[in-house]
Amino acid sequence: MKSVSNYVIGVSKKEQVLLDWNEIAERYGYVHVGTCRVSPDHNYLAYTVDVTGSEQFVLQIKELRNDRVLPTLEVEGVVSLEWAQDSCTFFYTLSDQNQRPYRVHCVKLGSDSVHDVPLFVENDSSFCVDIASTKDGKFITVNSNSRTSSEVYVINAANLQTGIQRFCKRVSGVQYFLEHHHGFFYVLTNSHNVGEESPSSGEYYLARCPVENLQSTCLQNIIVPSGDIFIQDMDMFNEHLVLFLNKEGSSSICSVDMRTIINCEEQMKIDELNPWFFPLPSDMCAITPGSNHDFTRSVYRAVVSSPVMPDVIVDYDMSRRMFSVIHQEEVIDVSHDTKCHSNNEERSRNELLGIPLKKERYIQINEVQRWSDFAEIYSCEEKEVISHDGARIPITILFSRKAHKKDQSPGILHGYGAYGEVLDKSWCGDRLSLLDRGWLIAFADVRGGGGPDPSWHKSGSGMSKLNSINDFISCGEYLVSEGYVHKHQLGAIGVSAGSLLVAAAINMHPELFRAAILKVPFLDVCSSLLDPTLPLTVLDYEEFGNPQLRAHFDYILKYSPYDNIPEGVCCPPMLVKASLNDSRVGVWEAAKWVAKIRDKTCTRCSSAVILQTNMSGGHFGEGGRFGQCEEAAYEYAFLMKVLGKS
C-alpha cells in the first residue's frame, strides 16, 4: 500500500504523513486513491477515494494543521480537481449516472454551496471533462475530450473574476493539450494546419500563442515532426521543455533549452534545437515520469525499466546534461555479480548506455553511472512477425538463457491492441517464477495499440479491428514455428479489451492456444455497445464502431467473441476472472461467455473453463500488495496445471 507524505524542514526533520492508504484499507478492506492535490499554501489536502472498487470516488478535504477531514465537503462522483492560487477555492468534475465526468464545479472553503450552478457542462455523451493546472500553477484548463477530439477552456487561477475562456472549438479528430510559460500558451496538437479547422494529420506539433490572444487561430508552429521522429507528449519547466518521442520505433525523451524555444521565429525540427536525449540502458527500456511538479526545477525525475532490468529511479539534470541513478529496485536470491554491468567491464560506455552512434552528437555524459540488469541470465529479444497482410508486427520475447529449451518450453503471449495504448513490458519480479522454470513470456504489439507512428492505432481499430486479431494469431504461430514454444504448450493472457483480442483469436484458431487467462474481459461486444446506458459505450464508438449503424454492426459481429464461439470444438482450458463491482466491464460478460463456452464446445474440454469472480474488488482487481501476490500465484498455478509444467 502507499501513503502520501511530506518532510517538514526544521530541526527535527520529522516526516508528516498526509494520507495513509493502509489505514483506509484496514477500515474498509479495499482502497483506491484517485487524485491528490495539496493547496498552494500547504494547509489543505484534497483527494478522492474509492473503497468498494466501483470507481465511485468521494471527494474529501483534509485540514493538514489539525489532521481533520472537513465533513461538509464530501462529494460523490468526483474525478479530477485543482486548486486556485488563493488556496481556498478549488474546482472539481462531477460524473453522471454512467460515470462520465461532465460538469465542472467551483467551491470556496467555508461556503455551503457545494452543489451550486456548475461552471461548465458537457452535454455530448461521447466527451468527458477533465481539469488540470498548468505546470506553473497560473492557469486551470478545462478539457473536454472524446477518444479522438478535444475542446479546451482556460481559467486564470490568480484572477477568477475573468471567468472561463474557450481556446479552441472542437474539430473531429483534432486534439489540443495546453501548457503555459511566461505569457504564452504552448499547445501540443495534431492539427495539420494549426489555427485552422483542418483534419488531423495524426502527427503532433508544438505551437504557441500569447495569453492575450487566446485563440487557436493565433497559433504559431514552433516544433514540427521530422522523418522518423514523432512527438507523443510534453512537460514544461521554467528553463526546459521535455519532449516524449517515438524515434525510429523506439520511445525516447529529450530536453530542449526554453531560451531556444522562446527565441524561435520560424518552425523548427527537433534535431535543429540542440536537444539532449536522456541516456537509457537500452532501446528496450520504458521510461515513465516520476514526481515532477516543481516548475522551477532543472532536474527531471523518471523511472526507467525493461523486461530484464528492475525499476530504476533516475534524475536527469537538464542544465548540466548529466544524470544520477537515485535508487534501483532490489531483487533477492540473484547474484549481484551475475546481474550487474558497469563501465569497469569490457563494454564501452556507449554500449553500456544503449546509445546508438547516430545519437552521440546530441548526448553529453559527464558522470559514470551503474545500471544493473539481468541480461546475462534472461534473454530479451525484439523480433518482427509478418502478419496476414504483410505488416511487420513487433514482438518482445523473454526467456531464461539457462532454463529455456528450444521446441520444448511452454510459453505465454500477452496482447492488448486497443486505444493506442502501448503494452506494458516493464520489469515484473513475479515473472521470474515462470522464467526460472523454463517458460517463455512474449508481448505482441499488435495494431490498435501504441506503435511506431500514429497510424498504428487506426489500422487496428474500428473497421480495421480484425487486423489486431490476425496480428496476434500470427505472433502465436511465429513462436511455435520458430521453436520458441512447444506446439502444444502456448497460452495467452488478455486484460479488459485485451481479452477481446485473445478470445477472438481462440475462436478463430482454437488449436493454437492451449490455455488462456481472460481478466475483467470485454467479450460481449455487440450487446455492450448497443446499450448506451453502460459507462463506456458511447465513448467506445470511436474505438470499436457504433453497432447501431448496419455496416459497423456487421463488422463487429465478425469478431465479437461471445457471438463467434464455434460449435463442438475443443476449447483450451481458460481462467476467466471478473469483478462484481467492475464499472467498466460488467461482471455478466464473463458469466455469459463461460456459460456459452460450456454449452457449445466439447463437453470434456469445457469443464476446464473456470469462472472466478472477485466479490469485493473492481476493474483493477484487489487492492494491496498481498492481494496482488495471491492473484498472481493463482494464475501461475493455473498455467502450470493445465500446461503440465511445474
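Q: Where do I start, say with how many of the 646 residues in the protein are buried?
A: Buried residues make up 54% of the 646 in the protein. Buried here means under 20% relative accessible area, exposed means over 50%, and partly exposed is in between (1.4 Å probe, protein chains only). Keep in mind that this is a predicted model, where local features need pLDDT of at least 70, side-chain atom pairs count only at pLDDT 80 or more, and totals for chains, interfaces and linings use all residues. Residues are numbered from 1 along each chain as its sequence is written, and side-chain values use heavy atoms, with hydrogens and water left out.

Q: How many helices and strands are in the secondary structure?
A: Helices (H or I, at least four residues) and strands (E, at least two) are DSSP runs, numbered from the N terminus. This protein comes to 14 helices and 38 strands.

Q: What do contacts say about residues 24 or more positions apart?
A: Contact means heavy atoms within 4.5 Å. Among contacts with a separation of 6 or more, residues 24 or more positions apart account for 56%.

Q: What do strand 31 and strand 32 form?
A: A hairpin, with five residues between the two strands. Gly390 sits in the turn and has a positive phi of about 95 degrees. Strand 31 pairs with strand 32 (residues 392–400) in the antiparallel sense over nine bridges.

Q: How many residues of helix 7 are buried?
A: 13 of the 17, so helix 7 is also largely enclosed by the rest of the structure. Helix 7 (residues 465–481) reaches 25 Å from its first C-alpha to its last, close to the 24 Å expected. Gly483 follows helix 7, with a positive phi near 80 degrees.

Q: Which residues touch the most other members of the largest nonpolar core?
A: In soluble globular proteins, nonpolar side chains tend to be buried together. A nonpolar core is a set of buried Ala, Val, Leu, Ile, Met, Phe, Trp, Tyr and Cys residues joined through side-chain atoms within 4.5 Å. The largest one has 83 residues, and Ile397, Leu413, Phe472, Leu479, Phe513, Met574 and Trp593 touch the most other members. Helix 8 gives the most to this core, with eight residues. Apart from it lies another core of 21 residues, including Ile223, Ile231, Val256 and Ile261.

Q: How many aromatic pairs are there?
A: Rings of Phe, Tyr and Trp (its six-membered ring) pair if their centres lie within 6.5 Å; planes under 30 degrees apart count as stacked, over 60 as edge-to-face and the rest as tilted. The structure holds 23 such pairs. One of them is Phe374 with Trp427, stacked at 5.3 Å centre to centre and 15 degrees between the planes. This pair links distant parts of the chain, with its residues 53 apart. Phe374 and Trp427 are both buried.

Q: Where do Tyr555 and Tyr559 lie?
A: Both are in helix 11 (residues 550–559), four residues apart, about one turn of the helix. Tyr555 is buried at 11% relative accessible area, and Tyr559 is buried at 2%.

Q: What lies over the face of Phe127?
A: A charge sits over a ring if NZ of Lys or CZ of Arg is within 6 Å of the ring centre and within 35 degrees of the ring normal. Arg170 lies over Phe127, at 4.1 Å from the ring centre.

Notes. Two strands pair if DSSP finds at least two bridges between them. The expected span of a helix is 1.5 Å times one less than its number of residues.
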